[in-house]
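Please take a look at the model shown here.

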Amino acid sequence: MTQMPAALDALKKYFGYDAFRPLQAEIIQAVFDKKDALVLMPTGGGKSICYQIPALVLPGTAVVVSPLISLMKDQVEALRAAGARAAFLNSSLGEADQRAVEDDFFNGALDLLYVSPEKLVSQTFQPLLQKAPVNLFAIDEAHCISSWGHDFRPEYTRMKFLRTAFKNIPIIALTATADRLTRKDIVSQLNLAAPEIFIASFDRPNLSLEVRPGQKRREQIIRFIGKRPNQPGIIYCMSRKGTETLAEKLNEAGIQAGHYHAGLSPEERDRVQEDFINDNLMVVCATVAFGMGIDKSNVRWVIHYNLPKNIESYYQEIGRAGRDGAQADTLLFYSYSDVSLMEDILRQNDSDQLDIKLAKLDRMRQFAEAVGCRRRILLSYFSEESTEDCGNCDICRNPPQTIDGTEIAQKALSAIYRMRQKAGLNMVIDVLRGSGKKEVFEKGYQHIKTYGAGRDIPYLEWQHYLLQLLNYGFIEIAHEEHHNLRLTPASKRVLFEGEQVPLVRFATLKERQAAEKAA
Ligand code: ADP
Ligand code: ZN
């Protein structure tokens with residue numbers, strides 16, 4: 001018997017929607033079939049429905065593990081308002097409230113129970129969990145399980161017992177962060193049994209992508225908005241102060257702009273948000289605090305005044321534009337000093353997971369410095385194959401000149417090969433350039449055949465080529481091994497099968513300055 005008609009009824013009854021989005025029905029079917037599943041879907045893609053619908057259709061209670069207490073509360077309130085029987089258990093509840101929720105859970109009086117990971121793994125919760133009529137475990141924000149992920153939560157690694165303790169109950173793990181390592185980690189940490197893996201497309205072809213050098217940003221922004229009168233847009237800034245200063249300058253230039261950050265009073269924040277949603281305020285200068293939970297479909301542009309700290313954040317923030325599917329423009333300002341500033345901030349505030357955070361920032365930098373289709377880089381970051389350039393990014397519209405880089409690539413790849421994939425980017429360049437540095441000699445790299453083979457190419461130019469090889473997957477960074485460069489299947493094709501490698505010519509500083517003037 002198929003439960004799909006009941007699922008569609010529930011979609012209409014509780015959420016008011018007539019049809020599932022791509023993959024939702026397949027994912028729900030997997031749950032009905034009691035299969036484990038891993039779901040990768042961009043933020044806003046509609047992950048919640050994938051476990052909420054089975055929760056509402058199947059007898060018993062779905063246990064949803066969620067790391068964010070505030071989101072848990074919002075979700076539960078929204079579900080209750082829609083007529084579902086939902087509750088949450090976490091440290092924010094008093095004794096009596098907890099007891100009441102636990103009773104309901106035990107008695108099968110809940111469709112959904114949201115719990116914090118701490119609660120789920122706590123000893124006191126286990127007897128109840130064993131006895132309650134659980135029909136499904138949903139692990140939301142599942143990337144928190146991976147120490148490679150950007151918000152690692154140690155309690156998430158203690159949920160392995162679920163798979164063995166609840167043999168017949170499906171586990172569905174959901175996340176918007178999809179790199180391969182995280183994906184592998186989720187499956188192994190949860191011990192998922194031959195999970196079905198669902199990857200929704202992260203592609204948003206209606207968003208144009210553009211990166212510009214971060215010089216005279218304010219003037220550039222004023223011109224940008226001038227070309228888009230009465231179009232709602234968001235400018236993300238790194239600091240609270242930055243949002244205020246920028247809004248002030250825009251207002252002075254005759255552009256009505258508000259500012260938004262977590263330091264404002266709740267009333268002020270609500271007012272800016274309301275005005276923006278109702279099209280009474282077109283421009284908001286904001287920190288990343290702005291936009292979460294805002295459902296505004298006609299945002300026409302998003303500007304990043306500063307470099308975001310990783311590609312996930314960037315993707316999420318530009319994703320607030322063009323939700324209606326119509327063309328929307330995104331613009332990122334980039335300067336190397338932003339990278340150093342962000343690095344310093346990470347080092348000062350966040351010694352936790354520092355290596356990973358720095359590596360992610362570096363991927364962001366590579367995106368900004370890219371010389372190939374930016375969308376392909378974004379999609380490959382989210383593990384999506386793309387074979388064609390997008391035509392809707394600055395690089396596609398204004399392609400840089402290419403040269404035959406096969407020999408350059410061969411030299412670099414064979415150096416990496418001969419250094420047994422045990423050296424980072426700088427060391428590889430030093431060896432190619434035949435550097436006399438102490439570290440080179442300590443490792444004995446002066447004896448390898450490619451030592452000095454790229455002496456004729458300056459350091460920065462090598463860097464430019466190696467970053468391209470990285471961006472196109474001819475090499476990769478072993479983040480877990482001191483960021484050493486290593487070879488990929490594609491590099492073997494270059495080394496052993498003579499595959500040609502077009503590279504973008506290195507423009508001199510003079511040439512770059514001239515191009516900027518002309519633009
Ligand atoms: P995620 O958890 O993936 O970020 P949500 O589950 O919060 O996304 O869904 C994002 C938005 O899309 C919500 O407003 C949700 O109601 C809406 N949505 C989800 N599924 C559908 C659907 N099948 N039809 C229309 N809207 C949907
Ligand atoms: Zn492109």
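The report below starts with conventions and then turns to the sheet.

This is a predicted model, in which local features need pLDDT of at least 70, side-chain atom pairs count only at pLDDT 80 or more, and totals for chains, interfaces and linings use all residues. Residues are numbered from 1 along each chain as its sequence is written, while chains are lettered from A and ligands numbered from 1 in the order in which they are written.

**The sheet**

An open sheet is built from 7 strands, ordered β3-β4-β2-β5-β6-β1-β7, with parallel pairing. The edges are held by β3 (86-89) and β7 (196-199); each has a single partner strand, so one side of each lacks a neighbour in the sheet. From one strand to the next the twist averages 20°. Helices (H or I, at least four residues) and strands (E, at least two) are DSSP runs, numbered from the N terminus. Two strands pair if DSSP finds at least two bridges between them.

| Pair | Sense | Bridges |
|---|---|---|
| β1 (residues 37-40) and β6 (residues 171-175) | parallel | 4 |
| β2 and β5 | parallel | 5 |
| β2 and β4 (residues 112-115) | parallel | 4 |

Val39 has Leu174 as its bridge partner in β6.

Strand β2 (residues 61-65) has 5 of its 5 residues buried, so it is largely enclosed by the rest of the structure. Buried means that 20 or more other C-beta atoms, placed from the backbone, lie within 10 Å of the residue's own. In a regular strand, side chains alternate between the two faces of the sheet. Thr61, Val63 and Val65 point one way from β2, and Ala62 and Val64 point the other way.

**A helix pair**

Helices α18 (residues 406-418) and α21 (residues 459-471) pack at about 85°, with axes 11 Å apart. That makes α18 roughly perpendicular to α21, a label for angles of 65 to 115 degrees. Axes are lines fitted to C-alpha atoms over the stretch in contact, and angles run from 0 to 180 degrees between N-to-C directions. Ile408, Ala409 and Ala412 of α18 meet Tyr465, Leu466 and Leu469 of α21. Contact requires C-beta atoms, placed from the backbone, within 7 Å.

**The ligand shell**

Ligand 1 is surrounded by 14 residues, the closest being Tyr17, Thr43, Gly46, Lys47 and Ser48. The cut-off is a C-beta atom, placed from the backbone, within 6 Å. Helix α3 (residues 47-57) gives the largest share, 3 residues.

Note on methods. Angles under 35 degrees count as roughly parallel, over 145 as roughly antiparallel, 65 to 115 as roughly perpendicular and the rest as oblique. Two residues are in contact if their C-beta atoms, placed from the backbone, lie within 7 Å. A residue is buried if 20 or more other C-beta atoms lie within 10 Å of its own, exposed if 12 or fewer, and partly exposed in between; C-beta atoms are placed from the backbone.
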